[in-house]
Amino acid sequence: MNGRLCSSATAGILLVVLGSGGPGVISGQPPGNAGAAKPWSHGGIRHAGTQSGRASTASEAWFTDRAKEAGLDFVHFNGMSGELYISEIMGAGGALFDFDNDGDLDIYLVQGQTLGPGRILDDALVAPQASLPLTDRLYRNDLVVHADGTRTLRFTDVTKGSGLVGRSYGMGVAAGDFDNDGRVDLYRTALGPNQLFRNNGDGTFTDVSDRTRTSDPRWSVSASFVDIDRDGWLDLYVGNYLDHSVDERIRCYTRTGKRDYCGPRSYTPVPDRLYRNRRDGTFVDATAEAQVAREYGPALGVVAADFNADGWPDIYVANDGEPNLLWINQQNGRFRNTALLAGAALNGLGSAEGSMGVDAGDFDNDGDEDLFMTNLVGETNTLYVNDGSGLFEDRTARVGLGVPSLPYTGFGTAWFDFDNDGWLDLLVANGAVRILETLSRATDPFPLHERNQLFRNLGTGPFAGSPARPSTLRQAQGRPEPGRGTTSSGRPEPAEGRQPRWGAFEDVTARAGAVFELSEVSRGAAFGDVDNDGDVDVLVTNNNGPARLLINHVGQRNRWVGLRLVGGPERRDMLGARVGVFRNEGPPLWRRARADGSYASANDPRVLVGLGSATTVPRIRVVWPSGRAEDWTDVAVGRWITLTEGSGVGR
Amino acid sequence: MVAFVLLALGHGRAASVATHSTAAQVITAEPTLLPVALPDLSGMHASVREQLREAYASLMTLQPETGVEPPVSEPPRGDRSEAYGELGKLLMAAKSLDVAERCFRNAQTLAPDDFRWPYYLGHVFISQGELSRAVERFEQVLRLRPTDFPTLVWLGHVHIELGQPEAAEPVLTRARALGPDTAAVLYQLGRASLAKRDYAAAVRHLEEAVRLNPAAVVIRNPLAMAYRGLGDLEKAQSNLDRTRGRAGPGAAVTMPDPLMAEVSTVLRSPEVHGELGQQASARGDWPEAARQFRRAIELSPDNAIMRLNLALTLNRMGEARAALTELDAAILADPSLASAYFVMGTLLERSGRDQEAIDRYAAAIMRDPGFRVAHLRLADALRRIGRLEASLSSYQQVLELEPDSQEARFGEAMALVRLSRHADARERFHGAMSVHPDQPAFPQALARLLAASPDPQVRDGQRALDLVQALAKEQKTTSVAETMAMALAEVGRFAEAVEWQRLAMSVAVEAGHPAAAQRMAANLALYLRHEPCRTPWRDDDPEYRPGPEVEPGLLR
């Protein structure tokens, strides 16, 4: 046990906000909204979502797609007309976010449109299957929790009148409360100007892109709200992809001379952007000052986390076919790319990969942020294991994640503990970017589809000799090493001789349910507990296909604790806050409140921690983005609870 | 359209043949072969379609007749095996891997002692991501040819990818024992050691690999990781620095692999010739590159990209006129190809035809408004010919596209200098220094401006001296020496200014630039007369009046 932990049983104030659905139903909503009951809906699906201890049957599929039954009727339209524009196969993503602050996750889905000069809907090779007009869609979650703990999941399309009108061909979305009003806002990335939508709190949004100066006109896919200067206001990092216009006539061919989609090398990458929040509802373009355009590539995935354990958020950018970037926060408004020396720019072969999606998480439960990214067919997805100081090692092959990914092109992904056993697993949303010969032969109109994959973290890998050298990256960055035990991150310092496990993964796709037998062109994936039943569900977005809502039925077999981490005067989600869940046995489980990562998508900002069979959580520590650390003790499990900055026992 | 032409072979034949053996002709049982289907050939280049059809037809002519009893003479199995193998190679190159697999498996069935077919199968399985099956096939090859070098190396590679570096090492050690070391073996041995965290061994192997193949920059990253593992960050960083911006065909580790080389060159398509042209270009083999691009153009006369690459290659060969002709043809083939206008602009600029170059850059930008380099070249060209306001606008365009562009920041500030807007230029240099604190060009330029600006409101001799003194610790160039002299003169330390100016002149002479030294003499005369300099840059200074840039690279 770390000696710096508060061990008093009375320490901290535990906020357990019970919802109106009866015992065991935790809304996590702010007290002011606690009485705002939603209307009951009829005809929705009912499934056996339960509190922990009420396990679903062993034979039940781990995940089932409930999108259609729940009223999620979104079908993406890519506008393809035979021109094979690279942009038509790169979208689109979706968001899981609670826009109405009623304690459950609503859904935003990004739509495409016709593409190309003079093109109309009739030119599309595949007619739109979604209702017209083709716009992004906002679905309100009208979840009903019955007295017996079962749930009725129902989504209602509330797009009309919401003000969420996309101005250009949509790609992705990021979610965060940029103006600290307690209401989560949306940043929509696009092929064309991006848009920032301010949440008005009454079901409507206002496009404030121009006023906030965030309408980056470049082709963007993923973005991240991150408080880079720890001032309590979310800044915005926008990953930009390529200089591509549908007006150009770039044509690409296979080695046999067949027309095919072009790859990123046919275009010029464009620099990313960093917008610093001015705390007055506007942003300033801080790209040059922050030095984050000094190096750039075709960015597709973005994730922010404190990779070197100095208490400041860093930014990792997955580039398509060029070295990835690890922007280490210099704590003075500037960033420095250390990806090469950190071992996170290239794979073990020394090659840049076609990286698409990315996530950071502590898969080996050693207290640091490891990286996983999805790559092109013929390349493995890549696992970079953090030694605790921001130095990484490509351990993809050793943990068994390499070979299963070789035949697929991965996009959306996340570290998430789908079975709540305390070890972070992986889901990979796949879909090709070059025409697959085998499908093409069958005259498939869109021969890019592939299966998605689920990997289970066995958590039982061999133990490795520790490579941990906490000081090396600091030396490389020319910064002094803080005194031992004084890191502001609050996470445990690596003990001498610590032997981090690197684990092993098992491809469990075949056991995960029929939804994993579908072959689709998946792109985005957003992760969160949609039915508030204590396990992580997944929203998968498909290019030119329907959105899928993968409801988790396996997580309830284990214990869990759900945490919403809020702070500030209006109690917004504190993206970037780290939470350590201390159990009686085993190492503490460190997780992060985040909405970013994956691909073009926004995740549930709440933190759901699988506990395995642990029935108690003696202590929880939260390290807030400000650097402040607080403890809560004797936390009840099987509940969603809200921890508010300032209400715990500070250190 | 030819789709799903199914060539069903062997079904039921084995039993039939076996029952019709005679004493005079011993016919072994016809092995069971897999049905083979040609892929959909539609959309393929005509020459590739023809290749595949020919190979398929050759195979057909070698099939034993069905339904004839007793059978007449059986085609030799060796010929049939070859026919399957040839078709398999074409299909493998065409990425029709499942059909290629069937072809190679049939070839192996017909000629089980021929090592080539399991070798190709191993590669098909690698491409399909089925590495365990690849191991099986490579091990089959080694039973047939225990010393087959490429197989040993590939088997080692596959073991590493499977997370089995321990299994890779003995295989690679066998490869290494076969003859002279190659970078490929040592690279894989290094990777295996790195995977085992045996950093010292990894450094040993990878350093040797670098020595044998210094152009293969992919070796540098694992080598850097090995040095990092040993705690030697300096050597790690030094290796990583050599990887920056060096991706491309020449970056890979190569080894003699005639069988796979055959596959990579077997298809007769414009794209394959284009690839071969790129590879030749990466080797600096310009005549071969031009030959390959010309063959691509023969197969696809309207291929503007190939013509553009041929133009760039011809220019490298010193055939500028032919290059311009090819660029005209490229533009004719695709009038929207911004890169063709851009390259034409660079060639014209290099031959001193500034206005024509400017027109071409503008044409490129009109077709691709996000063409950052075209904006930059246009801005520089405009600055060179004195259209300074227009150049400022172009530099702004660059900065809009790439906020971090050092070239644009510098160019913009220098354009302001030429417009005598020295105070504005000073602010730009200041701003650039905060964004690029490690770029010495900005403090150097600022120091000059502060030391020698004709505008007394701008001059600040002491600040100039501070800046240049800090620079001079690292930057030992004539330009810095001249700036030092300017700053010293501005603060009245003329004797030291004379010394520094003389130093700059002597270095220029030693470096073979006596004319430059002569031009510096004017300032020396000023300092000898105890007069400060009021001309921060001479009119012929390349910073003041930029010359044409180097030529662009090939397009992919």
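Student: What should I know about the numbering and the model?
Tutor: Residues are numbered from 1 along each chain as its sequence is written, while chains are lettered from A and ligands numbered from 1 in the order in which they are written. The model is predicted, so local features need pLDDT of at least 70, side-chain atom pairs count only at pLDDT 80 or more, and totals for chains, interfaces and linings use all residues, with side-chain values using heavy atoms and leaving out hydrogens and water.

Student: How many helices and strands does chain B have?
Tutor: Helices (H or I, at least four residues) and strands (E, at least two) are DSSP runs, numbered from the N terminus. By that count, chain B has 28 helices and 2 strands.

Student: What share of the residues in chain B is buried?
Tutor: Buried means under 20% relative accessible area, exposed over 50%, and partly exposed in between (1.4 Å probe, protein chains only). Chain B has 556 residues, and the buried ones make up 54%.

Student: Is His436(B) buried or exposed?
Tutor: His436(B) sits in the loop between α23 (422-435) and α24 (441-452) of chain B. Its relative accessible area is 0%, so His436(B) is buried.

Student: Which side chain makes a polar contact with the side chain of His436(B)?
Tutor: A polar contact is a pair of N or O atoms within 3.5 Å; within protein, one must be able to donate a hydrogen and the other to accept it, and residues adjacent in sequence count only if both atoms are side-chain atoms. Contact in general means heavy atoms within 4.5 Å. Leaving aside neighbours within four places in sequence, His436(B) is in contact with residues including Gln291(A), Arg294(A) and Phe442(B). The polar contact, at 3.5 Å, is with the side chain of Gln406(B).

Student: How are α9(B) and α10(B) oriented to each other?
Tutor: Axes are lines fitted to C-alpha atoms, for helices over the stretch in contact, with angles from 0 to 180 degrees between N-to-C directions. The axes of α9 (residues 183-195) and α10 (residues 199-212) of chain B come within 8 Å and cross at roughly 160°. Angles under 35 degrees count as roughly parallel, over 145 as roughly antiparallel, 65 to 115 as roughly perpendicular and the rest as oblique. So α9(B) and α10(B) are roughly antiparallel.

Student: And how does α16(B) lie relative to α18(B)?
Tutor: Helix α16 (residues 304-316) and helix α18 (residues 338-350) of chain B pack with their axes 10 Å apart, at an angle of about 15°. That makes α16(B) and α18(B) roughly parallel.
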